[in-house]
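I opened my notebook for a friendly look through a new model. Here is what I looked up, entry by entry.

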Amino acid sequence: MTVSSSFDGVQASQRQSQKFFYILAVLFNLCAIAQVLTVGLAYFYNPEWWNAHVWLVRGYSGLSLILLVWAYWIPFSPQVRRLAVSLPILLGLQFLTIHLKFPLPLGVLHPLIGFALFSASTNLVHRVWRTLNPSLEEALERQG
């Protein structure tokens, strides 16, 4: 009986960790949305918004590393882990395309990489949500 109780405690702890991971993934995704909005505001409304765009990414980029480490610390599916790995890689590519000067204008890839970052972040949120709600996953599989 003690083993079962201890196993239940470990499962509950892992579930709590997965929920906190989900909250951080949602926060990262909201920051990515804010990135898109601030660059749009800077381009179409007022260039002063560019400062918010720059400071925002500097503020939330560390979350990608926390999510990466946590995705391997907590039991998650390979898909969740791959998505968590992609976030710091895509952020790194974002920094490279905007800061390094190449003979080819690689800066044109910056918005495309930003879209990939937003997409990976959104998919991460959805995958973790499905991990936390397996009954929903089963219902979706029966429909599809």
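**Entry 1: the fold**

I began by noting that this is a predicted model. I then looked up the secondary structure and found 5 helices and 0 strands. Along the sequence, the pattern I wrote down is α-α-α-α-α. Next I checked burial: of the 144 residues in the protein, 31% are buried. I also looked at contacts with a separation of 6 or more, and residues 24 or more positions apart account for 67% of them.

**Entry 2: aromatic pairs**

How many aromatic pairs does the count come to? I got 6 aromatic pairs. One of them joins F21 and F76, with 4.7 Å centre to centre and 45° between the planes. I logged the F21 and F76 pair as tilted, because a plane angle over 60 would be needed for edge-to-face and one under 30 for stacked.

Where do F21 and F76 lie? F21 is in helix α1, which covers residues 2–44, while F76 is in the loop between α2 (49–73) and α3 (78–99). The two are 55 residues apart in sequence, so their pair ties together separate parts of the chain.

I went on to F28 and Y60, which form an edge-to-face pair with 5.0 Å centre to centre and 75° between the planes. This pair also links distant parts of the chain, with F28 in helix α1 and Y60 in helix α2, 32 residues apart. Both F28 and Y60 are buried.

F20, W70 and W73 form one aromatic cluster. R58 lies over the face of W55, and I noted 5.1 Å from the ring centre.

**Entry 3: α2 against α3**

I turned to how these two helices pack. Their axes come within 8 Å and cross at roughly 150°. That makes α2 roughly antiparallel to α3, because angles over 145 count that way. The crossing of α2 past α3 is left-handed.

Which residues make the contact? From α2 I listed V57, S61, S64, L65, L67, L68, A71 and Y72. From α3 I listed R81, A84, V85, L87, P88, L91 and F95.

**Entry 4: Y72**

Y72 is found in helix α2. Its relative accessibility is 48%, and it counts as partly exposed, because exposed would need over 50%. Leaving aside neighbours within four places in sequence, Y72 is in contact with R81 and V85.

**Entry 5: I66**

The C-alpha atoms of I66 and A84 are separated by 9.2 Å. Along the chain, I66 and A84 are 18 residues apart.

Terms used
Residues are numbered from 1 along each chain as its sequence is written. This is a predicted model: local features need pLDDT of at least 70, side-chain atom pairs count only at pLDDT 80 or more; totals for chains, interfaces and linings use all residues. Side-chain values use heavy atoms; hydrogens and water are left out. Rings of Phe, Tyr and Trp (its six-membered ring) pair if their centres lie within 6.5 Å; planes under 30 degrees apart count as stacked, over 60 as edge-to-face and the rest as tilted. Helices (H or I, at least four residues) and strands (E, at least two) are DSSP runs, numbered from the N terminus. Buried means under 20% relative accessible area, exposed over 50%, partly exposed in between (1.4 Å probe, protein chains only). A charge sits over a ring if NZ of Lys or CZ of Arg is within 6 Å of the ring centre and within 35 degrees of the ring normal. Axes are lines fitted to C-alpha atoms, for helices over the stretch in contact, and angles run from 0 to 180 degrees between N-to-C directions. Angles under 35 degrees count as roughly parallel, over 145 as roughly antiparallel, 65 to 115 as roughly perpendicular and the rest as oblique. A crossing is left-handed if the near helix is turned anticlockwise from the far one by less than a right angle, and right-handed if clockwise. Contact means heavy atoms within 4.5 Å.
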